[in-house]
Number of protein chains: 2
Amino acid sequence: MTNLFANMREKEIKKLMQVLKSNTVTYRKNINILSNRTRDDYIAIIDSGSLQIIFNDYDGNKTIIEELNTGEIFGSLTYSLNTDEITCITKEETKITYIEYNQITNDEIIKSDFYIIFIKNLIRLLSDQLNICNQRIELLTQRTTRDKILGYFKQQSTIKGSKTFIMNITFTELAAYLSVDRCSMTREIGYLKEEGFIKTNGRKITLLY
Amino acid sequence: MTNLFANMREKEIKKLMQVLKSNTVTYRKNINILSNRTRDDYIAIIDSGSLQIIFNDYDGNKTIIEELNTGEIFGSLTYSLNTDEITCITKEETKITYIEYNQITNDEIIKSDFYIIFIKNLIRLLSDQLNICNQRIELLTQRTTRDKILGYFKQQSTIKGSKTFIMNITFTELAAYLSVDRCSMTREIGYLKEEGFIKTNGRKITLLY
DNA sequence: TGTAAAGTGTTGCAAATGCAACAATAATAT
DNA sequence: ATATTATTGTTGCATTTGCAACACTTTACA
């Protein structure tokens, strides 16, 4: 369940969605969901499923800017998607709820008694997204692949609260996340193991320092 | 210029700050302003001045994660700063207003008639920050220095609405922003000029394609 | 106004990295 | 159960990039 509705009852959520004039669309896998969006400001909430925001280079390269999962939000409020260079592809069957930005302060909703909760949830969600972005920037600005990998492992270790943890993404996805060549990354992880900095067993990582 | 107090009168701003129990501190140049922050969630607004958020590597390297200027916000709502690895240094004399996150929905303020404006401003500010982050990620995820530079120039060209524009940061700062070696960047810009992709004159850039 | 600090430009060299082209295994779908 | 797709591992090689060590110019400031 989406955080946008945290601390709200089913009935309130239904009412909220109605007052916000939200609309929900379900997409099949591998659909470009931005092709039919308007140019107005909007918030899109992933009710279920996941998607990738992809940057299409001038010479045909594709870069995954962001992967978004259930509960997360996107839309013009988080990233200007109104350009041909950006596409947004569902990774699986995905349900999206759209809310027009201007509706979040419409006359009816600000009178409802769950409005403050909703607004606080929205702020928290934007805030979470911002934290995620900044954490990634912290890694992307590292000069070497080694520092990116170690930085990621350290973040995970902090989140999981242990020097041993299991990665919840694949190595292929990690390479994309850190924006490095997967093969070079594998090579570097090999060196890190040789030099005794880490131990790995599949996606189980142990920091030895 | 976006700011937390857009569309509010002087008197309302004063009232708001009071109700929010905000406190304002002025720092001199080169001060680490995080040394005395609590661990509560808070929003910090830069009333005037500027600062850098710096990541301190395990082996002494410093990376500028973010540069923030007048009107922008930071704090735990945007980036977890509660770690020794992060320092936050004023670049000049800087005035900061702190607001406890929990205060933004206190009993008194939600009754005020400028509350909706304030909340909308806050959401807009978070949203702007998120857009800035994502734009930078778009550049940082480019594989080559060339693509980073061209990406940045393209963004600027779009923002300024012309193929000729003047950079509002120094080349040294651009290198830090793109997280590449300044010398390598200069070299690459040289190649781009030779190959006829761009023309430069100081910080005036012209795209020729 | 003079001096220190910051920004810019250049280049050789070593090291890191992306790319390509594989093979092998694991996961998923029909 | 089997075919198909995704993930992982490996390695040679060319290229890109960071680093270091300069000189020169511009800007800041005491």
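Predicted model: local features only at pLDDT ≥ 70, side-chain atom pairs only at ≥ 80, totals over all residues.

By type, the surface near DNA strand C has four nonpolar, six polar and eight charged residues. Here Ala, Val, Leu, Ile, Met, Phe, Trp, Tyr, Cys and Pro count as nonpolar, Asp, Glu, Lys and Arg as charged, and the others, Gly among them, as polar.

Which helices each supply at least two residues of this surface? They are helix 5 (182-194) of chain A, plus helix 5 (171-178) and helix 6 (182-194) of chain B. Helices are DSSP runs (H or I, at least four residues), numbered from the N terminus.

The table gives polar contacts (pairs of N or O atoms within 3.5 Å).

| Protein atom | Atom of DNA strand C | Distance |
|---|---|---|
| Thr172(B), polar backbone atom | phosphate oxygen | 2.8 Å |
| Arg187(B), polar side-chain atom | base oxygen | 3.2 Å |
| Arg203(B), polar side-chain atom | phosphate oxygen | 3.1 Å |

Now the copies. Chain B superposes on chain A by a rotation of 180 degrees with 0.0 Å of shift along its axis (RMSD 0.1 Å). In chain B, the C-alpha nearest the axis belongs to Leu130(B), 2.8 Å away.

Residues are numbered from 1 along each chain as its sequence is written, and chains are lettered from A and ligands numbered from 1 in the order in which they are written. Local features need pLDDT of at least 70, side-chain atom pairs count only at pLDDT 80 or more, totals for chains, interfaces and linings use all residues, and side-chain values use heavy atoms, with hydrogens and water left out.

Conventions:
Least-squares fit on C-alpha atoms with pLDDT ≥ 70 in both. Polar contact = N/O pair within 3.5 Å; in protein donor to acceptor, adjacent residues only side chain to side chain.
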